[in-house]
Amino acid sequence: MARRAFLHVGTAKSGTTYLHDLWWQHRETLRHRGLLLPGAVMRDHFVAAAVVKGMDALVSRLDEEQLRTWDRLLERSGEWSDDVLISHEHFSDSPPEAAAGALDRLAAVADEVHLVLTVRDLGRVLPSAWQQRVKQGARQPFGRFLGSARRGDGEQKFWRYQDVPAILDRWTVGLPDERVHLVTVPPSGAPRDELWRRAGTVLGVEVTGLDTVPRLPNDSIGIVEAELLRRVNDRFPRERRSLDVTRYRKGAFTRDVLAGSAPAEPFVLPAKHHEWVRERAEAMVATLGERSYDVVGDLDDLLPAAPLAGRTPEEADDAELLDAATVVLDRLGVAPPEALDDALELIAAELLARTVPDPEPSRS
């Protein structure tokens, strides 16, 4: 039976990819130091989260053995006598009954169950979340996304992953506050490994001296590249959308073809949206401050910084988009046309033509 089981449930865009990368990169070292990541590969934790919360689009593709991934992680945890970590951001928006069931299952294999939530300020999360959606096929312009998030209409999915008090309400039933760990993402300018060290503090494992250079490639894109992909998504035939296309678009296509096709230009939260984002963040911090959770970092880390000057994706002009599209098509070995509309159609066709079926989720 495990001593402590840590379940890290998100939030999305809070450094989870960075942490996963380092945890699995140092998996053997961490195991020798008393922290087990059960499963064969990182993807097992994603599959487990999908099974727990009922991600029908993925679960329907799993065979009987793969459907037991969550069970196998629990079995392996119960065989371990020290601490265990299971982590994926897709746990965060599980319905209440699924969260309660997962906590009960963990309590059966560990003396103590601990809930870990990493959280980043909304001023940085909103642009990052829109960019991620575009990689997954979204067609909504950035400004419209921000307006919808502000009103709350049509953006229930975003807030399911980012309404921190609500996530904690779902995931802490029956847990004492001292076993609920809120890890804040440090503000811009902090040491690169600060989040890594904060997470190590929660897990009670020594992480100093370990390499903190991630192995997973950085697939961040700038405003021109993101707007180009959004417009390509608008040309992609609705009936041809699939999980395989989404995986290729947000993976190899973004990483190897799209990234670097335009001059780097970071995303910023437009100044006109700063007031409501700040108000929302302050309300969240006030709510969290009334609770007695273990906070690693500072709740003030969740307050957005003053707005920075910069363009929005909608301000990228057609000439810039055509230049980026030309680079993309050249990398794909396709002769670029002279018109932007034709280039968008060609890129959409290439996305479809180059998609290959994703391999079945691995078995642990």
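Me: At what angle do helix α12 and helix α16 pack, and how far apart are their axes?

Reply: Please keep in mind that this is a predicted model. Two packed helices are described by the angle between their axes and the distance between the axes. Here, helix α12 (residues 223-235) packs with helix α16 (residues 340-354) at an angle of about 75°, and their axes lie 8 Å apart. Angles of 65 to 115 degrees count as roughly perpendicular, so α12 is roughly perpendicular to α16.

Me: Which residues of α12 and α16 meet?

Reply: From α12 come Leu228, Arg231, Val232 and Arg235. In α16 they meet Leu340, Asp341, Leu344, Glu345, Ile347, Ala348 and Leu351. By class, the residues of this contact divide into 7 nonpolar, no polar and 4 charged.

Me: How do α3 and helix α5 pack?

Reply: The angle between α3 and helix α5 (residues 69-78) is about 115°, and the axes are 8 Å apart. On the α3 side the contact is made by Asp44, His45, Val47, Ala48, Val51 and Val52, and on the α5 side by Thr69, Trp70 and Leu73. These residues comprise 6 nonpolar, 2 polar and 1 charged.

Me: Is His45 buried or exposed?

Reply: The reading rests on relative accessibility, for which under 20% means buried. His45 has 1%, so it counts as buried. Beyond its neighbours within four places in sequence, His45 is in contact with Trp24, Leu37, Pro38, Leu73, Leu85, Ile86, Ser87, His88 and Phe91.

Me: How many of the residues of helix α1 are buried?

Reply: In α1 (residues 16-25), 8 of the 10 residues are buried, so the helix is largely enclosed by the rest of the structure. The buried residues are Thr16, Tyr18, Leu19, His20, Asp21, Leu22, Trp23 and Trp24. They pack against β1 (2-8), α2 (27-32), α3 (43-53), β3 (83-87), β4 (110-119) and α11 (194-203).

Me: Which residues line the largest cavity?

Reply: For a cavity, one may read its volume, then its lining. A search of the whole structure finds 1 cavity of 30 Å³ or more, and the largest cavity holds about 40 Å³ of space. Its lining consists of His8, Trp23, Leu85, Val116, Val183, Ala199, Val202 and Leu203. Trp23 is also one of the buried residues of α1, and Leu85 is among the contacts of His45. The largest share of the lining, 3 residues, comes from α11. By class the lining has 7 nonpolar, 1 polar and no charged residues.

Notes:
Residues numbered from 1 in each chain as written. Predicted model: local features only at pLDDT ≥ 70, side-chain atom pairs only at ≥ 80, totals over all residues. Heavy atoms only, no water. Buried < 20%, exposed > 50% of the residue type's maximum accessible area, 1.4 Å probe, protein only. Helix = DSSP H or I, 4+ residues; strand = E, 2+ residues; numbered from the N terminus. Contact = heavy atoms within 4.5 Å. 1 Å grid on protein atoms, 1.4 Å probe; cavity = no way out; pocket = protein on both sides within 12 Å on 5 of 7 lines; lining within 4 Å. Points joined across faces, edges and corners; volume = space filled by probe spheres on them. Nonpolar A, V, L, I, M, F, W, Y, C, P; charged D, E, K, R; others polar. Axes fitted to C-alpha atoms, helices over the stretch in contact; angles between N-to-C directions. Parallel < 35°, antiparallel > 145°, perpendicular 65-115°, else oblique.
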